[in-house]
Amino acid sequence: MEIKKTSLNKLHQSNNAKFVEFAGYEMPIQYSKGIIEEHKFTRSHSGIFDVSHMGQLFIYGDESLTEELEKIFPLDLKNLKLNCSKYSFLMNEDAGIYDDLIITKIEEGYLIILNAACKDKDFEILSNLLGSKFKMNLDNNRSLIAIQGPKSVEILNSIINGVDQLNFMTGNWFDSDYQKLFVTRSGYTGEDGFEISISNDKAEKFVENLIQKGAQLIGLGARDTLRLEAGLCLYGHELDINKTPVEANLRWAISKSRLSNGGFIGSKKIMNQMQDGASQIRVGIKPEGRLIAREKTKIFDDTDTQIGEITSGTFGPSVNGPIAMGYVDKEFSKVDTKILLEVRGKKHPANVCTLPFYKKNYVKGVN
Amino acid sequence: MSEVKFSKEHEWITLEGDVATIGITKHATEMLGDIVFAELPEKGSNVKKDGTAGVVESTKAASDVYTPVSGEVVDTNQAIVDDPSKINEDPEGSAWFFKLKMKDQSEMDSLMNKEEYDKFAKESAS
């Protein structure tokens, strides 16, 4: 299959991007400055991320759409206000996760942002569940640009006046020189920032404008170190079809009002696990010293018994040390539990720790 | 000091008397990206030509470091273990990895000179 390119591909090239294939797309892993500088620039200034490979699924419908979606997602969608977003999951009957996503209530229905590697399958699953009653559009004509970091609000507001009035996890349509844009105050770096949905033919000019105002392009490499420092899950690593939201320590994302009656796909398993606890749970892990424990590193207790596995591990540039996340048996999930990581045949000490590794700077309550 | 020689695994080596100093090339650091971890062989241990003699990790991945010649490890550069970013800053100078006491100096003969290595690096990168 031919590799897909986003509408910013030429711009990446002219900014000396190193490319990798990611979910069938040619995406920038880094630019000339490298992952650590890009990471730090995002934390101190403003980084631009091309996330156009992610799915933008618009579903249109009346009240009955909300009812149907509540049978799928563990959310209180009836009480979700217009332009407000929630983090959620598409699950199977065993509460295994097909995808994690952000769903936003828009005027005509919902906008769901899906992972690139999952979007086509998600569309198929949702189409089968919803039938032909609602109009669904996995929109390939729109790009998705994230701008993240403390200077992002000032930079973006100078181009799209009014975005500074958005609260975290809310969005709205804005008119600008770049036509109609849907902007949400959100992101996946642990920083204040925005995601902008823009038509493909306007995306390059828009990003060039952001660069002129002082923001810089950031690759997927730094996106990964940023999200890991922020303790955020990445599908295919922390989350997959064999993990449930309770095991992933994401029970906060399940609406409380939905737990008493269930009625969503996977609710039985979720309710059981909420009551009895899951046998394995996702935790933060800090190796002692500088050792990096990568994905699939085995985790042991002090009696040589394997108690879990690392799902993501790297060097955290802002933490200035190695960081990881992984799953451990629940009796080892308490903060400060001593564990051992097997790297290159030797066992190295590490500690279970609180997440995030890096404190978040989200903006709450502008209004 | 001898002429700098290079291996296909992107190490450089110089010889002074019977002691070789070994590090990784600038080209290697450019391929690896930001280096955040380095593990060196133990002093007193013996390493064999083309065998592993350490590890470097970038933000992206771990890579083995090979030794282009055999010998006994007589010194290691603790400064790059304490601050691996030094490897990106000065890979072919102050950020050497380890020193070996060589037994068979003819092992140097099969290694590339600068011109040959530059050509090799350019070709292997494309």
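## Salt bridges and helix packing

At 28% relative accessibility, Glu208(A) is classed as partly exposed. The model described here is predicted. Glu208(A) forms a salt bridge with Lys205(A), with N and O 3.8 Å apart. Lys205(A) is exposed, because its relative accessible area is 55% and the cut-off for that class is over 50%. The two residues are 3 apart in helix H6 of chain A, so about one helical turn separates Lys205(A) from Glu208(A).

Over all chains, the count of salt bridges is 21. Three of these pairs are listed here.

| Salt bridge | N to O distance |
|---|---|
| Arg43(A) and Glu191(A) | 3.0 Å |
| Lys205(A) and Glu208(A) | 3.8 Å |
| Lys26(B) and Glu30(B) | 2.8 Å |

Arg43(A) and Glu191(A) are both buried.

In chain B, Lys26(B) and Glu30(B) lie 4 residues apart in helix H1 (residues 26-32), about one turn of the helix. Lys26(B) is partly exposed at 46% relative accessibility, and Glu30(B) is partly exposed at 44%. Elsewhere, salt bridges with shared partners link Arg294(A), Arg344(A), Glu39(B) and Glu57(B) into one network.

Helix H6 (residues 200-212) of chain A also packs against helix H5 (residues 152-159) of chain A, at an angle of about 125 degrees and with the axes 10 Å apart. H5(A) is therefore oblique to H6(A), and their crossing is right-handed. Ile155(A), Leu156(A) and Ile159(A) of H5(A) make the contact with Phe206(A), Asn209(A) and Leu210(A) of H6(A). By class, this contact comprises 5 nonpolar residues, 1 polar residue and no charged residues.

Key: Residues numbered from 1 in each chain as written. Chains lettered and ligands numbered in written order. Predicted model: local features only at pLDDT ≥ 70, side-chain atom pairs only at ≥ 80, totals over all residues. Heavy atoms only, no water. Axes fitted to C-alpha atoms, helices over the stretch in contact; angles between N-to-C directions. Parallel < 35°, antiparallel > 145°, perpendicular 65-115°, else oblique. Left-handed = near helix turned anticlockwise from the far one by under 90°. Contact = heavy atoms within 4.5 Å. Nonpolar A, V, L, I, M, F, W, Y, C, P; charged D, E, K, R; others polar. Salt bridge = Lys/Arg side-chain N within 4 Å of Asp/Glu carboxyl O. Buried < 20%, exposed > 50% of the residue type's maximum accessible area, 1.4 Å probe, protein only.
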